[in-house]
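Below is a short note for a colleague who is meeting this structure for the first time. Please keep the sequence and the model open while reading.

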Amino acid sequence: MTKKTIFAGFGGQGVLMMGYVLAVSAMRDGKNVTYLPSYGAEVRGGTANCTVVVSDEEIFSPVASSPEYAVIMNKPSLARYESMIKEGGVIVLNSSLIETNPSRTDLTVLRVPANDMAKELGSDRTINMIMLGAFVQQTGITTLDSIMNGLGEIVKGKKPAVMELNRKGLDKGAEFVLRGASQ
C-alpha cells in the first residue's frame, strides 16, 4: 500500500506541522515515509504545502503528482490542488474558510469547520490538529494514538497543557467524522 497526501494552506496555519506529524507517526508505525515541504516566497500568510508518502514498500519518489488524499486549509489551495487528486480520492477541507465545493464529482469531500471547532476548544492553535484528526479518522492511514506518539516525539519539552490541547483537537476532528455530519 502506498498512499500520497498533500497538505496545503497559508503559512501559519500549521500545514507543514500536519504533514510532519503524519510522517513521523507513520515512520514510528514501521512504514516507509517521505516528507517534502514547500514554502512560498513569504513566510506567515504566504502559501505553504507539503507532500507525505506513506508506504509498506520502498518509495521511489517523494513527489506526489497524483495524491490519493488532500488536506486543504484555504480557497487558493483548493483551486490549485483539486485537479491533481487521484480519481476516487479524498479531500478534507476547512469549511470555515472555504465556502465553495470542489467542482469534481469523483472525489469524497469531507467539509470540516475547523476554525469554528477550534473556537469551541478556546484556541485557534488547534485548527491543524482538528483537521489532522478528521483526516486520520476518514482515511485510516494511521491511528490517533500513533499521531499523538509522533507529536510527542516532535514537541518534546512542551508543556503538558499544550499536548492536552493538541489531543483535544485531534479527538474533536475524529469525532466530527464519526458523527458523519460533514459529508
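The numbered points below go from the sheet to the aromatic rings and then to the helices.

1. A word on the basis comes first. This is a predicted model, in which local features need pLDDT of at least 70 and side-chain atom pairs count only at pLDDT 80 or more, while totals for chains, interfaces and linings use all residues. Residues are numbered from 1 along each chain as its sequence is written, and side-chain values use heavy atoms, with hydrogens and water left out.

2. The sheet is open and has six strands in the order 2-3-1-4-5-6, with mixed pairing; strands, like helices, are DSSP runs numbered from the N terminus (E, at least two residues, for a strand; H or I, at least four, for a helix), and two strands pair if DSSP finds at least two bridges between them. Strand 2 and strand 6 (108-112) are the edge strands, each of which pairs on one side only. Neighbouring strands of this sheet are turned by 15° against each other on average, with direction ignored.

3. Strand 1 and strand 4, by contrast, pair in the parallel sense over four bridges, with Phe7 opposite Val71 in strand 4.

4. Strand 4 (residues 69-72) also pairs with strand 5 in the parallel sense, over four bridges, and the bridge partner of Val71 in strand 5 is Val92. Between these two strands the chain passes through helix 2 (residues 75-81), and this β-α-β crossover is right-handed, a term used if, with the strands pointing away from the viewer, the path from the first strand over the helix to the second runs clockwise.

5. Which strand is largely enclosed by the rest of the structure? It is strand 5 (residues 90-94), because five of its five residues are buried. Val90, Val92 and Asn94 point one way from strand 5, whereas Ile91 and Leu93 point the other way. Five bridges join strand 5 to strand 6, the two running parallel, and Asn94 has Val112 as its bridge partner in strand 6.

6. Ser95 lies in the loop between strand 5 and strand 6 and is buried, with a relative accessible area of 17%. When residues up to four places away in sequence are not counted, Ser95 touches Arg111, Val112 and Pro113, contact meaning heavy atoms within 4.5 Å.

7. Turning to the aromatic rings, there are three aromatic pairs under the rule that rings of Phe, Tyr and Trp (its six-membered ring) pair if their centres lie within 6.5 Å, with planes under 30 degrees apart counted as stacked, over 60 as edge-to-face and the rest as tilted. Phe7 and Phe135 have ring centres 5.7 Å apart and planes at 70°, so this pair is edge-to-face. The pair links distant parts of the chain, since Phe7 is in strand 1 (residues 2-10) and Phe135 in helix 4 (residues 127-139), 128 residues apart. Both Phe7 and Phe135 are buried, and ring pairs link Phe7, Tyr69 and Phe135 into a cluster.

8. Tyr20 and Tyr35 form a tilted pair, 5.4 Å centre to centre with 55° between the planes. Tyr20 belongs to helix 1 (residues 15-28) and Tyr35 to strand 2 (residues 32-39), 15 residues apart. Tyr20 is partly exposed at a relative accessible area of 37%, and Tyr35, at 26% relative accessibility, also counts as partly exposed.

9. As for the helices, the axes of helix 3 (residues 114-121) and helix 4 come within 9 Å and cross at roughly 115°; axes are lines fitted to C-alpha atoms, for helices over the stretch in contact, and angles run from 0 to 180 degrees between N-to-C directions. The contact is made by Ala114, Asn115, Met117, Ala118 and Leu121 of helix 3 and by Ile127, Ile130 and Met131 of helix 4.

10. The buried residues of helix 5 (residues 144-154) are Leu144, Ser146, Ile147, Met148, Gly150 and Leu151. What covers these buried residues includes helix 1, helix 4 and helix 6 (160-179).

Technical notes:
Buried means under 20% relative accessible area, exposed over 50%, partly exposed in between (1.4 Å probe, protein chains only).
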